[in-house]
Amino acid sequence: MNISSNTQPIHGNYRGYYTKRPFVHDPRLTLLPTSIFKDARVLDVGCNEGWVTCEIAQSWGARRVIGVDIDDTLVRAAWKRRRTVWSQQEPATHEATPADDHPSKGKKRKKCSEECHEFPRIPRPEYFPASCEHMFSPLPIPAARSPEDAHTFPHNVMFYTADWVNHDIPEDANQYDVVVAFSISKWIHLNGGDEGLRCFFHRVHSVLLPGGKFVLEPQEWETYAKARRMDAKLKENAKSLQLRPEDFERVLSEIGFGPAQHVGITGEGGFRRPVDIYVKTG
Amino acid sequence: MFPFIPRKVSRPTKASISQQQPHPAVAQKEPAEMQRVNELSVAADTKGKGKATKSDLAEEDYAILTILSLSEHALWADPELRRTMDFNAEGYIPLSYLLHHSPYLSKLSPLPSEVSLVKAIRAHAGDHLDVRVLVSAPSRAPWYGRTAVKEDSGGFEVRRKSEGCPVHVVENWSRHDWDARTIYMECIPPHHRSIPGIWRLTRTLLSSSSPSTWAVQVITLPPHHQDKETDQPKCKGFALVTFAELEDVTYILGHWPWDRQPAGQDLDGEEAFKYGFRTLSKPKWQALNEEYLSYRKRLLEEIAENEDEEVPTPRETHAEREPTPQQDGPDTSHPALPNVTLSSPYPPGCLVFVRNVHPETNKTTLRTLFSQAYVLDSVSLEAGADALDYVDFNKGMDTCYLRLATPQHAQILVDYLQSNRKKQTSGLDSKGAEAPPADKKSFAAELVEGTREELYWAKVPEKVRRQAVEKALARSSSDSWSELPAKAVALHGAPDSGERKRKRKRRKRDA
C-alpha cells in the first residue's frame with residue numbers, strides 16, 4: 001500500500017518514530033526471556049522503520065525475522081535501517097581479545113550472548129561510529145556463505161509491505177515461532193473494528209507453530225480517544241467497538257492461546273503499556 | 001588606543017586560555033551611536049524572563065555562532081582573521097567580515113543581517129563581546145576588496161571583551177594540540193542537533209556549573225559522502241567538538257564512555273543518557289574510521305571474488321523458503337526474471353554493464369547507439385521507446401552502466417550486443433561500426449546481478465531508485481511485452497528463452 005506522506009498516520013504509521021524517541025535497546029524487548037527468539041522464526045507486525053526488527057535479528061539469536069508494515073515508505077526506511085545497523089556492526093573477523101588501546105575496551109556482550117554460550121563471539125552492535133556510514137557510505141553486504149551465515153544478521157532479516165491483517169505474505173507459509181505485535185493493536189482495532197481485531201488474532205494463531213508465542217503490547221483504551229480524532233473513519237469505527245484491551249486475554253483464549261504471561265510494564269507517561277506473552281495451545 | 005595586556009604565556013599543555021583577564025578599559029560609546037543601537041535592539045531588551053520563545057532561541061543561536069567565530073581556535077585557524085583583528089588598534093573585527101568568512105555564519109541561509117547579529121550579541125553575549133558601529137572604514141582593512149562587501153557604511157564591528165592576548169598563546173600550537181582537545185560525540189538528543197544546540201548541551205555536561213564562554217572552541221559536523229563543498233552539513237546526531245581545556249575533555253570522555261555504562265552515574269544530562277549519548281577521543285575515532293574503510297575494502301574484494309557464487313539475497317526471491325546457498329550449474333536453463341515489488345529497494349535485473357565504449361563519447365550518443373537494440377527494420381519499436389532509463393557514463397571511462405526500464409529490456413539489449421558485434425569508432429559514433437568476431441574493441445555487455453547489482457544501486461539516490469522501481473513495476477506486466485511484434489521477439493529472444501549461457505567471468509573490482 002502506497003501511503004502518501006501528507007495524510008495522517010491512521011495506521012500508527014508514524015514517520016520518524018524512532019529517531020525522535022530515545023532508543024538504545026528497545027525497553028520492551030528487555031522484558032522478555034533471553035531465549036525467546038533463539039533459533040526462532042519471528043514475525044514483527046507493524047515494524048515501522050524496523051528498529052526493533054533489526055535488534056531481534058542482530059542480538060537475540062533469531063534464525064529469521066520478518067518485519068511487515070502497511071506503509072511502504074516505512075518499509076523502505078527499514079531496509080535502510082538494516083544497512084545502517086550493519087554498517088555499525090563489528091567485523092566478524094575480529095580477534096577475541098582487543099588490544100589495550102582499542103577504543104572499546106569493555107566487552108559488553110548483548111544480553112543474549114551471556115546465556116547462549118554455544119554461540120561464537122557475537123560482534124558488537126555499535127562498534128563503528130554512526131559517522132562512518134555518513135562520511136564513507138554504508139558497508140556493502142556480501143552474500144551469505146553458509147546456512148549459518150544465512151541465519152545471522154543481516155541475512156536473517158527482511159521486510160515486506162502489506163496489510164498483514166488482511167493479506168498473506170509468502171513467509172507465512174513457513175509459519176513462525178514468535179509473532180511480535182508492539183503498539184499495533186489499537187490501530188488494527190480502530191481501522192478494522194472488533195472484527196478486524198479478531199481476524200488479526202486468528203491470523204496470528206494460524207501462522208504460529210504449535211507452542212509458538214504471541215508477544216503482545218496492547219495500547220490501553222484511554223489512548224484510543226486521541227487516535228480516533230485523527231480521521232473520520234476511525235472516529236466512526238470507534239463508536240461500535242465493544243471489545244476492550246481487558247477482553248483480549250479472553251478472546252485469545254477462545255481462539256486457542258494459553259493465559260497471558262504478564263512480563264512487565266515499560267515506557268513513560270502515555271506510553272506505559274503492559275507486555276504479555278501468549279502461548280499457542282489449541 | 002588600548003594596549004592589550006599580555007597574559008602569562010604558558011606551555012600549551014597547561015594553557016588555560018579560558019581564564020581571561022578582564023579588559024581594563026571598555027570602549028566609550030558615543031551618545032548618538034548608543035541611540036542608534038538602542039533603537040535597533042529594542043526587541044532584545046523586551047525579552048521576558050519566562051520560557052524562551054522560538055525567536056529567542058534563534059537569537060541565542062546567532063550569539064553562539066558569533067562566539068564560536070571568535071574563539072582562539074578561529075584566530076589560530078584563520079590568519080586573515082587574526083590580521084584583521086591586529087589591524088584594528090582596538091581589536092575590533094567588522095561583522096561583515098565574520099558574516100562572509102566565518103565557517104559558522106557564512107553558510108547560513110539566509111545570511112543574517114548585521115543588525116540581527118548585533119541584537120543577538122547584545123541580548124546573549126553582552127558580557128563577552130563588545131559590539132559597536134563601525135568606527136574605522138573597512139576599505140582600509142587588508143582583507144577588503146577580496147570579498148564583495150555590500151555595506152561600506154552603517155556596519156558594525158565586534159571584539160572579544162576580555163582580552164589577554166589569546167593570539168600569542170595559541171600562535172605556536174600545532175594541529176596536534178587541538179586534536180588532543182577534540183572529541184567525537186554521538187547520539188546527540190534530537191533537540192540539540194545543531195551547532196548551537198551542541199554548544200548548549202556540551203556546556204551543561206561540563207563539570208563546572210558556569211563554564212567559560214570559550215570552553216567550547218570548535219564544533220564540526222562531519223560532511224556526508226555525497227555533500228558538495230558548498231553544502232552546509234546537517235547534524236545527524238554526531239559531531240566533533242574541540243575544547244579549550246584538556247580537563248574538560250577528560251571529564252566528558254570519562255562520564256560518557258564509548259561502551260555505555262548503566263544508569264546511576266550522572267544525573268546531569270539525563271536526556272543525553274536516555275538517548276545513548278557517548279563520546280570518543282578524536283585519535284580513537286580516526287582509528288575506527290580507518291578500520292571502517294579497510295573493512296569496507298575487504299568486503300568489496302570478498303564480493304568481487306564470490307561473484308560466481310552469488311546467493312540470491314532473500315528479498316529478491318520471495319517464493320524461496322529457507323535461504324540456502326545455491327550454486328547454479330553451468331548452462332542451466334535461464335532462471336526466471338526477478339520480480340519487482342513496491343518494497344524492492346531497486347528494480348532487479350534492469351542493470352547492464354557495457355565495456356569498450358569510446359572514452360570520449362557522451363551519454364546522448366550512447367543512448368542513441370544502444371536504443372538501436374529496440375529498432376526493427378529501421379522502425380522504432382513502441383515497446384522499446386524509453387527502454388533506456390539512464391545512461392550512467394563518465395567521460396574518460398571506457399565502460400558504462402545502463403539502467404533499463406524493465407528486465408525484459410535489459411535482456412534484449414544484452415542479446416542484441418552479443419549477436420551484433422559492434423564497436424564505437426569515435427566519441428560521436430552513435431551507430432556503431434560492425435566489428436569482426438574476435439575484435440577486442442567490440443562492445444561487451446553483461447547483466448549485472450546479485451551483490452554487484454545491489455552495490456551499484458546503493459549509490460544511487462533513493463528518490464531515483466524509487467522512480468526506477470515504480471517504472472519497472474508499471475511496465476513489468478506481460479502486456480507491454482506482447483506489444484512487441486513477433487519478429488522482434490524472435491530476433492532478440494524472449495526473456496525466458498532457454499539456454500542463455502551465463503557469463504562466468506572473474507572480474508577484479510576496483511574497491
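## Helix α10 of chain B

In this predicted model, the backbone nitrogen of G197(B) lies within 3.0 Å of a side-chain oxygen of S194(B), a pairing found at the start of α10(B). The helix covers residues 195-205 of chain B, and nine of its 11 residues are buried, so the rest of the structure largely encloses α10(B).

G197(B) is itself one of the buried residues.

## Extent of the A–B interface

Contact between the two chains involves 66 residues of chain A and 50 residues of chain B. Together the chains bury about 5,100 Å², of which 58% is on carbon and sulfur atoms.

## Polar and charged pairs

Five salt bridges are counted between chain A and chain B. One salt bridge joins R145(A) to E302(B), with 3.6 Å between the closest N and O atoms.

## The chain A side

On the side of chain A that touches chain B, the elements giving two or more residues are the following: α2 (72-88), α4 (130-136), α5 (147-150) and β3 (157-161). The largest share is that of α2(A), which supplies 10 residues.

Sorted by class, the residues on this side of chain A are 30 nonpolar, 18 polar and 18 charged.

How values were computed
Residues numbered from 1 in each chain as written. Chains lettered and ligands numbered in written order. Predicted model: local features only at pLDDT ≥ 70, side-chain atom pairs only at ≥ 80, totals over all residues. Heavy atoms only, no water. Contact = heavy atoms within 4.5 Å. Buried area = accessible area lost by both parts, 1.4 Å probe. Salt bridge = Lys/Arg side-chain N within 4 Å of Asp/Glu carboxyl O. Helix = DSSP H or I, 4+ residues; strand = E, 2+ residues; numbered from the N terminus. Nonpolar A, V, L, I, M, F, W, Y, C, P; charged D, E, K, R; others polar. Buried < 20%, exposed > 50% of the residue type's maximum accessible area, 1.4 Å probe, protein only. Polar contact = N/O pair within 3.5 Å; in protein donor to acceptor, adjacent residues only side chain to side chain.
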